[in-house]
Every structure is written in structure tokens, then in C-alpha cells.
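Please keep the sequence and the coordinates at hand while reading.

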Amino acid sequence: MPKMKSNKGAAKRFKKTASGFKRKQSHLRHILTKKSTKRKRQLRGKCLVAASDVAQIKSMLPTA
């Protein structure tokens, strides 16, 4: 039986928590001068993956 491999791209982006998977918010990498300070500050935090996407992430991370 071959090893179960996790998707390495997904492993770097998602972390398992007790209530689901946490992820970083997008739109904070470049073109930051036109974005307001409030918007950039709110994008800093982590948030949970939507319930509709959890099954897909579980299949990419079988050991999580």
C-alpha cells in the first residue's frame, strides 16, 4: 500500500483547529497603496474556512 500524501500547497495554507481549518485572508500582498489603512488592518487577521469548502480541504490533508 503506498503512503498517503498530503497536498503540500494546502498544507502550507491551512491549519487544523478544533472548530475547523484556519486560513489567511487574501488581498494583502501587493498594490497596497490604494487600500485604506482600515482595510489592510482588517485583512491581517486569520479566519475560518467556509463550511462548504471543508470537505475539499480534508481530502487534500488526509492526516489533519
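Helices (DSSP runs of H or I, at least four residues) and strands (runs of E, at least two) are numbered from the N terminus. On that basis the protein chain has 3 helices and 3 strands. The model is a predicted one, in which local features need pLDDT of at least 70 and side-chain atom pairs count only at pLDDT 80 or more, while totals for chains, interfaces and linings use all residues. Residues are numbered from 1 along each chain as its sequence is written, and side-chain values use heavy atoms, with hydrogens and water left out.

**Fold and overall dimensions**

- Read from the N terminus, the elements of the protein chain follow the order α-β-β-α-β-α.
- The C-alpha trace of the protein chain spans about 50 × 25 × 15 Å along its principal axes.
- With a contact defined as heavy atoms within 4.5 Å, 58% of the contacts between residues at least 6 apart in sequence join residues at least 24 apart.

**Confidence**

- The pLDDT, which is the predictor's confidence in each residue on a scale from 0 to 100, averages 95 over the protein chain, and 100% of the residues score at least 70.
- Confidence is highest in helix α2 (residues 37-43), at a mean of 97, and lowest in strand β3 (residues 46-48), at 95.

**Burial and surface**

- Of the 64 residues, 19% count as buried, where buried means under 20% relative accessible area, exposed over 50% and partly exposed in between (1.4 Å probe, protein chains only).
- The accessible surface of the protein chain, from the Shrake-Rupley method with a 1.4 Å probe, comes to about 5500 Å², and 54% of that area belongs to carbon and sulfur atoms.

- Histidine 27, in the loop between β2 and α2, has a positive phi of about 70 degrees although it is not a glycine, and histidine 27 is exposed, with a relative accessible area of 54%.
- Isoleucine 31 also lies in the loop between β2 and α2; its phi is near 55 degrees, a positive value in a residue other than glycine, and isoleucine 31 is partly exposed, with a relative accessible area of 48%.
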